[in-house]
Amino acid sequence: MCARLSRRAALVGAAALALGGLAGPAAAADAYPGKPIRLIVPFAAGGPTDIMGRVVGRLLQDALKQTVVVENRPGAGGNLGTDAVLKSPPDGYTLGLSAISSLAIAPGLYPKLPYDVARDVAPITLVGIAKGAIVAHPSVPFSDLKGLIAYAKANPGKLSYASPGIGTSSHLASEYLQSRVGIDLQHIPYKGTSAAAQDLLAGTVPLSFESSLTTAAPNVASGRLKAIAITAHGRSKLLPNVPTVEEQGVADFDVPTWFGLIGPAGLPREIVQQLNRVVTEGLKSPEVTERFAQIGAEPLPSTPERFAAYLRDEGQRWARVIQAANIKPE
């Protein structure tokens, strides 16, 4: 009798294990999240990426009823933190708020990047965009894009512009414009935004392609800088009277700085969908729109599929710009 019961118990146990194995991924997704989530922001605290990351972290925490710890891991233009996300287990407990620099520019710039975006990234959703602008010192003899182009063509290679460094989105925005309108600007790379901004305000360098308007907009309002054009689709709420590059004659010119929520490849689809649903719904709230507007950004929720296509298209676009301009990393 005892032997029969033991055999029966063993058979029931084996069946349960088999069923559990079949339902493993779904069961894991149903139980998610069962512990705190780490959200890596691959830039220092206080900047636009960090602010967006903390907004996303709050959305996840409130909706999932689980602690979300935002971890700043800056370095190499966002590549170090992004690599840490992509090397983590694909269980949904390590996510990243990454940006154009490490997801679209770096693959075409660095021949030995430690990750492959197409292979290693699980796209969850686009989060937002920040519109930039071409700004100039008040001493320049032009006030719009037409004047800039005419001056640059009359003085090839003599009009210089500052950027935070080689291969930054500011640098590539300039190279993209130069290729579109046939001008030759002199690039002055700095080590970071602060030094570049100081020399622009001092008139040491006359021009800059700003990837974010949070610091430039107040200087334009005070007259310390001129705003020449917005470098993305649609005007910026921070500088509503400044026309876009497109409005000034260069068709289909759209170079925003964008940000997206990612995980490592292999992240279960159920978890991707759950995270996407939570964040995209949260990004529609007036509170999030207002918070983003304070840093010159706009929410841009998307499906995982749309984000994946955007990653592919942006990677191809910037790889062409980098190759055409023969840009080499520092």
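This is a predicted model: local features need pLDDT of at least 70, side-chain atom pairs count only at pLDDT 80 or more; totals for chains, interfaces and linings use all residues.
Biologist: What percentage of the 330 residues in the protein chain is buried?
Modeller: A residue is buried under 20% relative accessible area, exposed over 50% and partly exposed in between, using a 1.4 Å probe and protein chains only. By that rule, the buried part of the 330 residues is 49%.

Biologist: Is Thr49 buried or exposed?
Modeller: Thr49 sits in helix H3. Leaving aside neighbours within four places in sequence, Thr49 is in contact (heavy atoms within 4.5 Å) with Val41, Phe43, Leu97 and Phe259. Its relative accessible area is 8%, so Thr49 is buried.

Biologist: Are H3 and H12 roughly parallel or roughly antiparallel to each other?
Modeller: Each axis is a line fitted to C-alpha atoms, for helices over the stretch in contact, and angles run from 0 to 180 degrees between N-to-C directions. The axes of H3 (residues 48–64) and H12 (residues 286–293) come within 10 Å and cross at roughly 165°. Angles under 35 degrees count as roughly parallel, over 145 as roughly antiparallel, 65 to 115 as roughly perpendicular and the rest as oblique. H3 and H12 are therefore roughly antiparallel.

Biologist: How many residues of the contact of H3 with H12 are nonpolar?
Modeller: H3 brings Ile51, Met52, Val55 and Leu59, and H12 brings Val288, Arg291 and Phe292. Ala, Val, Leu, Ile, Met, Phe, Trp, Tyr, Cys and Pro count as nonpolar, Asp, Glu, Lys and Arg as charged, and the others, Gly among them, as polar. The contact of H3 with H12 has one charged residue, no polar ones, and the nonpolar ones number six.

Biologist: How does H8 lie to H13, roughly perpendicular or roughly parallel?
Modeller: The axes of H8 (residues 169–181) and H13 (residues 304–325) come within 10 Å, crossing at roughly 75°. That angle is why H8 is, relative to H13, roughly perpendicular.

Biologist: Which residues of H8 make the contact with H13?
Modeller: On the H13 side, the contact is made by Arg317, Trp318, Val321, Ile322 and Ala325. On the H8 side are Leu172, Glu175 and Tyr176.

Biologist: Where does Lys65 lie, and what is its phi?
Modeller: Most residues other than glycine have a negative phi. Lys65 has a positive value, though not a glycine, and is exposed at 69% relative accessible area. Lys65 lies in the loop between H3 and strand S2 (68–72), and its phi is near 55°.

Biologist: Is Asp252 buried or exposed?
Modeller: Asp252 is found in the loop between strand S9 (226–230) and strand S10 (257–264). Its phi is positive, about 55°, although Asp252 is not a glycine. With 56% relative accessibility, Asp252 counts as exposed.

Biologist: Is the peptide bond from Tyr32 to Pro33 cis or trans?
Modeller: Pro33 lies in the loop between helix H2 (24–31) and strand S1 (37–41). Most peptide bonds are trans. From Tyr32 to Pro33, omega is near -5°, and the bond is cis.

Conventions
Residues are numbered from 1 along each chain as its sequence is written. Side-chain values use heavy atoms; hydrogens and water are left out. Helices (H or I, at least four residues) and strands (E, at least two) are DSSP runs, numbered from the N terminus.
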